Amino acid sequence: MNYAEFFGLMLRYVLEFLMLLPLLFSTVKPVLENLKFKRMHFFMAAYFFVLLIILLGSYAAALYSLKTRYILIPCTIILFALFVYSVDLSFYKKFFCFISSVTMCQFADTCAIYSMAQVEIHNPEIPYTLVSGFVSLGIAFVFCMLFYQVISYRMPKLLNEIQVEQVWKYLIIVPTVLALILDWSKPVNPSVILTGRVREIGLVVMLFLVLMCGMFYHILWFVTEKLTANAKIKQENMFLTMESKRYNALKKYVDETRSLRHDMKQHAVVLSGLAAEGKIDELKNYLKQFEETSSEKYKNICVNNPAVDAVAVYYDEIAANNKIAVKWNLELPSNMPVKEFDYCAVLGNLLDNAIEAVKNLPVDLRVVNVESSMLSWKSLGLVVENPLRQKIIFGDNGLPRPENKTNGLGLLSVQNTVNRYNGTMIIKTDNNKFSVSISMQQV
């Protein structure tokens with residue numbers, strides 16, 4: 001084989017290996033907000049590595065007349081390992097993104113095999129002809145465009161929705177099984193495809209599977225949207241309940257204060273009479289009765305922000321019912337740099353966890369410290385701290401591993417909210433204390 005023939009053969013292998021480009025695009029696009037590195041650095045490294053794989057793989061395949069899959073499969077595994085290392089998500093989410101992209105490329109390759117069977121039957125060499133290579137690559141990019149909305153908009157939102165957090169390990173089954181079936185069912189000999197109506201039936205089946213795959217992602221998106229909407233309504237109802245309790249408590253305090261003010265003239269007459277007659281013991285006894293019948297002062301924790309105050313009073317009452325002392329230090333303005341709804345959700349989740357963690361401890365250890373204030377004119381901080389009596393095991397996502405599947409969503413929700421505000425969340429478990437420190441800034 002002369003240099004021209006070798007170069008032509010290598011070029012055909014290059015076209016097959018270029019399938020890694022749509023694979024890279026459809027895998028990375030949904031996780032751009034979750035990269036551990038700067039985007040520019042990541043893409044420079046990723047495209048350099050993929051280009052290196054394409055050139056070296058094509059050279060080795062042409063030199064030793066290897067099937068493309070013998071190079072692509074190990075290279076794909078290496079790319080997946082690098083993808084897992086570079087993205088800050090749970091393993092199942094990363095695997096779902098990657099295997100979905102692999103499935104899409106499998107669709108493109110299988111459709112090209114069925115479409116170009118008439119051309120490939122006269123091809124005596126291992127790689128596709130140039131025409132078949134371009135067709136396969138073109139179909140892959142067409143699929144990228146067809147699923148662009150899913151890849152660019154829906155998948156990123158799905159990955160950050162805690163409503164489906166516990167089911168990702170099951171969601172990976174569909175694309176994984178589909179990718180394996182597509183790989184296993186590819187005809188080895190083009191002559192088989194041209195037998196009878198195999199090609200027509202195969203193409204119809206491929207298009208049907210593509211439609212079913214699209215429906216799967218659409219249904220997943222639809223269900224998640226409904227779950228998210230229901231969760232938001234539930235959270236809003238909880239906040240309304242807090243506001244209602246706060247309003248009722250304030251109304252009761254106002255009514256009792258008004259009644260007390262109305263009766264104050266009569267009490268003043270009695271008190272002045274007892275004082276004038278020098279009946280000190282009776283005066284003390286009357287004052288004691290007056291104190292017992294007086295209403296307890298309405299508790300106001302966050303003076304400047306009614307929404308935060310409502311949440312604080314609500315959880316303070318829950319803590320009191322569990323004999324838990326909450327030490328509050330909330331110095332927040334009425335206009336915060338983040339949405340009140342998001343801040344209250346974060347505060348509520350952290351207090352839920354803290355109260356749950358200490359309610360079974362000895363009474364003298366049932367203490368929760370809450371501090372929150374502005375860090376600058378456009379950022380605020382929040383720290384919630386409670387005693388720790390057991391070892392905390394952290395998961396792959398950097399959060400404490402829940403004891404059962406129904407727990408652990410609170411901190412994940414907090415982390416997602418903090419990330420939306422370009423903030424930070426630091427969890428410490430030293431000195432027998434568990435503390436969560438977060439900062440959020442205006443976006």
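Is Arg69 buried, partly exposed or exposed? At 36% relative accessibility, Arg69 counts as partly exposed, where buried means under 20% relative accessible area, exposed over 50% and partly exposed in between (1.4 Å probe, protein chains only). The structure is a predicted model, in which local features need pLDDT of at least 70 and side-chain atom pairs count only at pLDDT 80 or more, while totals for chains, interfaces and linings use all residues. Residues are numbered from 1 along each chain as its sequence is written, and side-chain values use heavy atoms, with hydrogens and water left out.

**Figure 1. Overall architecture of the predicted model.** The protein comprises 16 helices and five strands; helices (H or I, at least four residues) and strands (E, at least two) are DSSP runs, numbered from the N terminus. Of its 443 residues, 42% count as buried. Among contacts between residues at least 6 apart in sequence, 72% join residues at least 24 apart, a contact being heavy atoms within 4.5 Å.

**Figure 2. The salt bridge between Arg69 and Asp183.** The side chains of Arg69 and Asp183 form a salt bridge with an N to O distance of 3.1 Å. The pair links distant parts of the chain, with Arg69 in helix α4 (residues 68-86) and Asp183 in helix α10 (residues 173-184), 114 residues apart. Asp183 is partly exposed, at a relative accessible area of 27%. A salt bridge here is a side-chain nitrogen of Lys or Arg within 4 Å of a carboxyl oxygen of Asp or Glu, and a search of the whole structure finds seven.

Figure 3. Glu33 and Arg39 meet through their side chains in a salt bridge of 2.6 Å, N to O. Glu33 is exposed, with a relative accessible area of 65%, whereas Arg39 is partly exposed, at 39%. A further salt bridge joins the side chains of Arg420 and Asp342 (3.3 Å, N to O). This pair links distant parts of the chain: Arg420 lies in helix α16 (residues 409-420) and Asp342 in helix α15 (residues 340-358), 78 residues apart. Asp342 counts as buried, at 10% relative accessibility.

**Figure 4. Helix α3 and its packing.** Helix α3 (residues 39-64) has 26 residues and reaches 37 Å from its first C-alpha to its last, close to the 38 Å expected at 1.5 Å a residue; the expected span is 1.5 Å times one less than the number of residues. Its buried residues are Phe42, Ala46, Val50, Ile53, Ile54, Gly57, Ser58, Ala61 and Ala62. These buried residues pack against α1 (3-17), α2 (20-28) and α4. After α3 comes Ser65, whose phi is positive, near 55°.

**Figure 5. The second largest pocket.** This pocket has a volume of about 1,400 Å³. Its lining comprises 43 residues, of which Arg69, Gln106, Asp109, Asp183 and Lys186 lie nearest its centre. Helices α1, α2, α4, α5, α6 (117-120), α7 (130-146), α10 and α11 (190-193) each supply at least two lining residues, and α5 gives the most, with nine. The lining divides into 26 nonpolar, nine polar and eight charged residues; Ala, Val, Leu, Ile, Met, Phe, Trp, Tyr, Cys and Pro count as nonpolar, Asp, Glu, Lys and Arg as charged, and the others, Gly among them, as polar. On a 1 Å grid over the protein atoms alone, a pocket is an open set of points with protein on both sides within 12 Å along at least five of seven lines, a cavity is a set of points where a 1.4 Å probe fits but cannot get out, and lining residues have an atom within 4 Å of a point. Grid points are joined across faces, edges and corners, and a volume is the space filled by probe spheres set on the points.

**Figure 6. The largest cavity.** The structure holds two cavities of 30 Å³ or more, and the largest has a volume of about 190 Å³. It is lined by 15 residues, with Ser100, Ser101, Met104, Ile151 and Tyr217 nearest its centre. Helices α5 (91-115), α8 (148-159) and α12 (198-276) each supply at least two residues of this lining; the largest share, six residues, comes from α5. By class, the lining has eleven nonpolar, four polar and no charged residues.

**Figure 7. The second largest cavity.** The volume of this cavity is about 50 Å³. Leu350, Asn353, Ala354, Val384, Asn386, Leu411, Phe434 and Val436 line it. Helix α15 and strands β3 (379-387) and β5 (433-441) each supply at least two of the lining residues, with α15 giving the most, three.
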